[in-house]
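Hi there,

Here is the structure I promised to pass on to you.

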Amino acid sequence: MCPMEIRCSGCGEVALVRAEPVYEHFRRTGEVYVCTACGKRYATAEEMVLVGPPPKPQVFTDADREAALTMFDDDERQRCCGWCRHMILSPFGQRCGVTNRFTDATNLCESFEKKADGETG
Ligand SMILES: [Zn+2]
């Protein structure tokens, strides 16, 4: 028989059961079902609480996927200091020409002004 999964009333686990033949005077009279977790025996299949395979969790819906794709359009991505005309590259580090503070290329800045195309530094 196919392996069956049950919610065992003996140990409370979801466990596989296996069928064991029952012999009486060397004659097979039937089967019992044995919990593989705790060994509890069930005389009939009706006594067991069968559980099906767990439903596959669907983590991402289509809506989520679309949101992730549109979260960063190009405008948004280019509002960081790496794209800003105020960004000053010096041997000592990256500096913002407006706040005069050291900054990072990935920083988002309020005084952001996009570098003109082709402009350097
Ligand atoms: Zn059990």
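Among the contacts in the protein with a separation of 6 or more, 45% are between residues 24 or more positions apart. Do keep in mind that this is a predicted model. As for burial, 7% of the 121 residues count as buried.

On to the secondary structure: the protein has two helices and seven strands. Going along the sequence, the pattern reads β-β-β-β-β-α-α-β-β.

Five of the strands make up an open sheet, in the order β4-β3-β2-β1-β5, and the pairing is antiparallel. At its edges are β4 and β5 (49–50), each of which pairs on one side only. In general, strands of a sheet pair through backbone hydrogen bonds, either parallel or antiparallel.

Strand β3 (residues 27–35) runs antiparallel to β4, and two bridges join them. Here you will find tyrosine 33 opposite tyrosine 42, the latter in β4.

A word on confidence before you set anything up. The mean pLDDT of the protein is 81, with 77% of the residues at 70 or more. Which element has the highest confidence, and which the lowest? Strand β4 (residues 41–42) comes out highest, at a mean of 94, while helix α2 (residues 74–77) is lowest, at 56. Where pLDDT is low, the predicted coordinates should not be read in detail.

Best wishes

Technical notes: Residues are numbered from 1 along each chain as its sequence is written. This is a predicted model: local features need pLDDT of at least 70, side-chain atom pairs count only at pLDDT 80 or more; totals for chains, interfaces and linings use all residues. Helices (H or I, at least four residues) and strands (E, at least two) are DSSP runs, numbered from the N terminus. A residue is buried if 20 or more other C-beta atoms lie within 10 Å of its own, exposed if 12 or fewer, and partly exposed in between; C-beta atoms are placed from the backbone. Two residues are in contact if their C-beta atoms, placed from the backbone, lie within 7 Å. pLDDT is the predictor's confidence in each residue, from 0 to 100. Two strands pair if DSSP finds at least two bridges between them.
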